[in-house]
Amino acid sequence: MTMTLPRLILFAGHAGTGKTTLAKQAVPLLADKSGRDFLFLDKDTVYGAFSSHIMGLLTGDPDDRDSPTYLQHLRDREYAGLLDIARENLALGQSVLLVGPFTREILAGKFFQPAELGLPADTVCRIAWIDLPSDEARRRIEARNDRRDRWKLAHWDDYLKRRVEPPVHPALMRMENLGADAGRMEALVGHLLGD
């Protein structure tokens, strides 16, 4: 299946669901089946050092990625920057894979109408929404022992209020990540490359 149009693929969902791990597993499968390379951009990699510096200045906590201060002053700017990088690459004909929660943007329906995001009109967007029950997500968050999760764990009930259900849309496929399953990954890759 050779793609002719640039494609924007999102691996989205809540913290601790395994978005980055699954996205990295999907990249060679996507490239093999589509005949195209994908620019891989993980929000935490692209903005990790920058956001640490800014949050250290704003709150004194360089690891803060969940507080109201982060959500109000930095979160949307990180996502806007990721989309700017994606937009430039898509305009050059390069397909892009983004990894991050993207909950606000998906709930607002923005990725279902690429022109609303200023993306090239012919861009095809597909979303892999990675699911995991909240108790298992918390277990994985605790196990990864990332300092950026401290606020989330200390305010778990508040964080759970931000866990939302994605909309039902043909461009979005949900995948529960409780165990490895080659058949489910193949189905997901098929969805991401489908018309």
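Visitor: Which residue forms a salt bridge with Asp66, and how far apart are the closest N and O atoms?

Guide: A salt bridge is a side-chain nitrogen of Lys or Arg within 4 Å of a carboxyl oxygen of Asp or Glu. Here Arg162 is the partner of Asp66, with the closest N and O atoms 2.9 Å apart. This pair links distant parts of the chain, 96 residues apart: Arg162 lies in the loop between H8 and E5, and Asp66 in the loop between H2 and H3. Helices (H or I, at least four residues) and strands (E, at least two) are DSSP runs, numbered from the N terminus. This is a predicted model, in which local features need pLDDT of at least 70 and side-chain atom pairs count only at pLDDT 80 or more, while totals for chains, interfaces and linings use all residues. Residues are numbered from 1 along each chain as its sequence is written, and side-chain values use heavy atoms, with hydrogens and water left out.

Visitor: Is Asp66 buried or exposed?

Guide: Buried means under 20% relative accessible area, exposed over 50%, and partly exposed in between (1.4 Å probe, protein chains only). Asp66 is buried because its relative accessibility is 4%, whereas Arg162, at 30%, is partly exposed.

Visitor: How many salt bridges does a search of the whole structure find?

Guide: The search finds 20. One of them joins Asp146 to Arg148, with the closest N and O atoms 2.7 Å apart. Through shared partners, salt bridges also connect Asp66, Arg144, Asp149, Lys152 and Arg162 into one network.

Visitor: Where is Val168 found?

Guide: Val168 belongs to the loop between helix H8 (156–160) and strand E5 (172–176). Val168 counts as exposed because its relative accessibility is 85%.
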